[in-house]
Every structure is written in C-alpha cells, then in structure tokens.
Amino acid sequence: MPRRNNTKNGLPWLRKLANGTMRWYLPTSATAGKPTPLVDKNGDFIDGADNEEQAMQAWHEHMTLDQAISGGENDNHPVAVILELYLQHLAEKQAAPKTIDDARWFYELFNKTHPGLIVRELKPKHIRQWWQTKPKWGPSTHRQSAAMIISALNWAEGADGGNMIPKNPLRGMHLPATRSRGAEVVLEPAEYQKVLATAAPDLRDVLIVLYETGTRPSNVTYVEARHCNLERGIWLLDKHKTFRTTGRPLVVPLTPKVVEICRRLMEQHPTGKLFRTKNGLSWTKVNLSARVNFIAKKLGMEGRLMTYSARHSRATHLLESDVPDATVAAILGHANTAMLYKHYGHLGRKIKKLTDILAAHSWEAGSGTETTDSSSPSGDGGDVVVVSEAAPESRSSEAC
C-alpha cells in the first residue's frame, strides 16, 4: 500500500484532495509544516497512488538540489544537479524559450550517457565519449552541445551560481571549429520557383514570405496580425532572436506580394499566430523544418534546401545585384555588416569587383607609381564585401 502520511520518517506522502485526486506531497518536516505538492521537471503535480516511484525520484532530486544550493563550494556535486540548477537560472532570467529547450535536450542526453557523474570526475573525454554515441552530429552540434555544458559550469563557478564549484573542469577545452553553410544552401530563382510549385498552399505562403523579406524563419512562426502595419508595409516584432541584445523591436520590410498574403491571412486569423498549417496549427521550427526537408528529399535537394535557404538566397541575390552591404544588412535585421562578411564571402561577383579594384590601383613594374584605370570601378568599395582572415568563425548557417 502506498504511504498516506510519512512526515515522521521524512518521505513523500499522499493526500486526498476534495475532488478525490490523490496527490503526492513533500514531507512537512522539509517545508516547515506547510503542505507542499511535489512536482516533476515540467512543474506538473505528481498524482496517483501508482506514481510512488516518480514521487520518490522527484523527492530525491529536490533533496539533492537543496544540498547543492546550501552545501557551499565543493566538487562533489553531481553534474546533473548543476545542469538542472542552471536550467532554473535560465528560466528565472527569462532566457529565450529556444535556448532553454536546447539546453534541456542536451543535458538530458548527456545525463543518460554519464549518469551519476560528479564534477570532480568530469573531464573533456566525457564530452567526446558522449559525442561518439551521436554519430549523426556534426561539428556545429558538437560545439553547441559542449558550450551549453560549459556555460552551466561557468555559472556554478561564479557568484551568480553561488560559487558551488571551485573550478570549471572543462575550462580550456578545445571546441571543434564550424563553418558557414551559406554558399551551400543558396538557390537560384528558378530552383526556388520549383520548390514553390511543389509546396502545398500553406507552406507556399511561408516560403514566399521568407524569400521576399529575407527574414529569419522564427519570425514567421511568431508574427501575429497585431504586428502587421500594412499601410507602412512592415512587421514590428516585439519578440525576436536579437531582442535581448538590442532591446529594440525588429522592423521587417514587406514587399507588395507579402502585404497581400498578410492581408488575406489577417482576415482569417485576426488574433493568434498569422501563419498556420492546413490543419490550423501554428507553424513551429519543428514542423516547418520537417515539411521543407520532405520537399528537399522529393526534389533531390537534400543538404541544399532548408528553412534558412530563403534568407541566404535572398541576401546573396541582393548582394550580387550590387545592393550596398549596409542596405542588405538592414533588410536582414542586422545592426551592422559583420554577419555579411562572415556568411557571404563566397559571392563571385563581389570577389571579382575586389580584384578589379586591386588591378586598377596596381604599381607599374619598376616605375614606383600607382596606376589608375579610369574605366575601372571606383576604388571607394562602399558596397564591397571585404572578407577578413581574422574574422571570427561562424557558429552555424542559422547564426545570421
């Protein structure tokens, strides 16, 4: 029989609520006599006499967390506890939902590979062993997953984390380099038209908007009618990827084609998410990627067609049409042109312009004077992408 009340031996106990629900509670000895329900990692109550094992596990985690918080600086804390506390910290700081979801996913996978690992035992080899269990992960995922764990340990070492650990054992770990996939996912206009012809109407609207505006896919999944100012031809988004950095809403310029799509969808969905699937569900990162990947496989464009292809393609076509870098950066929602220099160094026409400028200002052999061809392009280079060898590495194609 499950326990009804075990406050004497300090274990979770069952309480029957007025509606007949049997709910598990923390022992009153741990809550100063105040009845406090046990909750799981998602914050849901643990109900039912059959869920004693789940209640005991939640109680064990609760006790471990309490000990970690009050135990002071030491390296005997389980790594899983540090990761869980850092997730709570991210939630309290109102980190982006995607950041929290990604971190939780990586942490759960790591804990399954190395259950019971304590901070003192943690070494870079444990990260590499974890990667070996995920053969489909590439350098970008390796880098991101390790960075998530290192961030948690840095937090636990610092004042924000209560100086729980004396030192981050992964400090100085070499992380794999990543590269931008911008050049690989750029589609020619004819190819994109082929994609649009294959897509169902609900997905076609999204793909048209993504290409026409060059905006991030996440913005399309977030926009609502209240964000649309069709008279001015813009979206004004109060939630976007760089809001925590800039503190400003994002202005997304719209083409006439996008304005018409928005007008039609606003009549259908005056409240809630504007872009929805044929089943009435809001588009998300997951279902949008799945649908695009299905088309990529169908058209033999795997590795080239993805949700970010529209953004990379639009930026590339604008730059190759000699639209100034600063203008393209503004269209993409960047504060400056730095991201362009990272992701669009593959542009052939821009590179050709650079070589033409160098040739126009070359030294004559033995003359000691510089020559300038008046018919060559101007040397001001105002709209030329200059790729610095010292530019920092790109984390992924989605970084821009």
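1. The accessible surface of the protein amounts to about 21,700 Å², and 52% of it belongs to carbon and sulfur atoms; the areas come from the Shrake-Rupley method with a 1.4 Å probe. This is a predicted model, in which local features need pLDDT of at least 70 and side-chain atom pairs count only at pLDDT 80 or more, while totals for chains, interfaces and linings use all residues. Residues are numbered from 1 along each chain as its sequence is written, and side-chain values use heavy atoms, with hydrogens and water left out.

2. On confidence, the mean pLDDT (the predictor's confidence in each residue, from 0 to 100) is 79, and 74% of the residues score at least 70. Values stay under 50 over residues 1-9 and also over residues 370-399, although the model has 61 contacts beyond four places in sequence for residues 370-399, a contact being heavy atoms within 4.5 Å. Where pLDDT is low, the predicted coordinates should not be read in detail.

3. The fold has 15 helices and 5 strands, taken as DSSP runs (helices H or I, at least four residues; strands E, at least two) numbered from the N terminus.

4. Buried residues (under 20% relative accessible area, 1.4 Å probe, protein chains only) make up 40% of the 400 residues. In H4, the buried residues are His126, Ile127, Trp130 and Trp131. They lie on the same side of H4, because they cover an arc of only 145° around the axis, judged by the directions from the helix axis to the C-beta atoms. Their cover includes helix H3 (97-113) and helix H5 (139-157).

Note on methods:
Buried < 20%, exposed > 50% of the residue type's maximum accessible area, 1.4 Å probe, protein only.
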